[in-house]
Amino acid sequence: MATTDELIAQLSLRATGLEIMNPLKSAAYAELKARGDSVVEPLIGALAGADTEAAPPILSLLGQAGDPRAIGPILGRLADPASKVRYEAVSALALFSASDLVVAGAPQALAARAEDSDRYVRDAATALALKLGALPSGSAWYAGAAGWEPLAKAFVARELTKPDPDYRSLAAHLAAYSSSERHAAWIDVAQEAPTRMGRTRAYLEALHNDPDPTSVAWGWLDGDFDLMGRVEQVIGSGDARTPATVEAQRERLGSIIDAGGADLPEAAAKAAVPQQKAVTPAALPTLSAAPEPVAADQVAAQPAAAQSVGAQPAAAQPAAAQPAAAQPVGVQPAPAQPAAAQPAAAQPVGAQPAPAQPAVVQPAPAQPVGARAAAAQITQPAAGSLTTSAWSPTHFVPAGGLPAWDYPDPARPPRVALNVGLGLVIDSVAGDWALVRAVNGWRGWVDGRRLNRRA
């Protein structure tokens, strides 16, 4: 059996070829996690001198261990030159209790990272700093927030936790932004709203501002995305995705600006909400978030022959087929194991199990979940993103499509369903999770085990 020091040394191993993660590194990570508290001190000792390959998994392990002794060393990597190390440091800190973070002086360090040059580090640090009260709050929730994204995050962190959130003030502050930006802000609020009717009205408000027919809001309001009854199904599957449809439901239920998140009286709710239809894997949506990760012609151009290692072409896999080791919804699979392992639940990130699982199967949450949705927002990239001519995807979405999250936590609903054959590049991994990027710069988290590697 390998010693703890030997396992830590293997965390520096790099992937080769089209590997997502070096198999020995993946196995070492899993073994160190299994050893629990006994490896905390060696990991703390190794963190300060860890390179950019080893530091992220060490940070992840220390965050999951939750030992307050690790907070100080983790804070020491917040200023690391590598953005992926800084991001993992923030993600690890998010796993500790607020009281332990305050005692260790983390709020001040996180407030400094709120100005980080990397957007994902900046968003994650801002969200955690707001949670800890480390950023100026003043007497209003919007104090210190500039831009539609900071406004949405500030509202969620400071106002949405109140018994009666001031949605009207949010609408007033968003009025200066474009319709698509207002739409995106209300989507963020809908994801975090504490009541079912609040989520429903927030999605309607998003569509009221921009009725984009490809928006994720439609999938929630017609029931296609809603596998856990978190939103009222107020739009029928046959209803047109038009402003008229939105306004009819907004008038019937009341806008979130006027009615907030309060539930309708029972009689009115029954009259307003169509009967919930059954959701099957075949009925899961294949719409992309607005804006889509790539144009429709780019999706169609992806090679049909893209295959997973040791598997048949994706097109030959039935969308609803279940692998032998498939877990039911709500049951988390085991942590990723090295490539040599045989059971589907024990394969490394990127290794394909038997035929593709339906989109409702979620990856294990054993890896760092980051700081809420701020960790990796699904948004349109700025000008200067990758162009099609320079694009060389390494992986493809399998048959049946693939759900994507804006941060790696299966307890939250997916934000978008990726179309079959969509080409992707993996930017980073966290156990079963893979942070993928599309041709136009869109990024999101998916179950890395289900991706098909390029042939």
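Colleague: Which residue just after H9 takes a positive phi?

Modeller: This is a predicted model, where local features need pLDDT of at least 70, side-chain atom pairs count only at pLDDT 80 or more, and totals for chains, interfaces and linings use all residues. Residues are numbered from 1 along each chain as its sequence is written, and side-chain values use heavy atoms, with hydrogens and water left out. Helices (H or I, at least four residues) and strands (E, at least two) are DSSP runs, numbered from the N terminus. Just past H9, the positive phi, about 75°, belongs to glycine 133.

Colleague: At the start of H9, which residue's side-chain oxygen reaches the backbone nitrogen of valine 121?

Modeller: H9 covers residues 119-131. The oxygen comes to within 3.0 Å of that nitrogen.

Colleague: How many of the 13 residues of H9 are buried?

Modeller: Buried means under 20% relative accessible area (1.4 Å probe, protein chains only). Tyr120, Val121 and Asp123 are among those that qualify. H9 is largely enclosed by the rest of the structure, because the buried count is ten.

Colleague: What is the bridge partner of phenylalanine 396 in S4?

Modeller: S1 (residues 395-396) and S4 (residues 423-430) pair in the antiparallel sense over two bridges. In S4, the partner of phenylalanine 396 is glycine 423.

Technical notes. Pairing = 2+ DSSP bridges. Expected span 1.5 Å × (residues − 1). Buried < 20%, exposed > 50% of the residue type's maximum accessible area, 1.4 Å probe, protein only. Polar contact = N/O pair within 3.5 Å; in protein donor to acceptor, adjacent residues only side chain to side chain.
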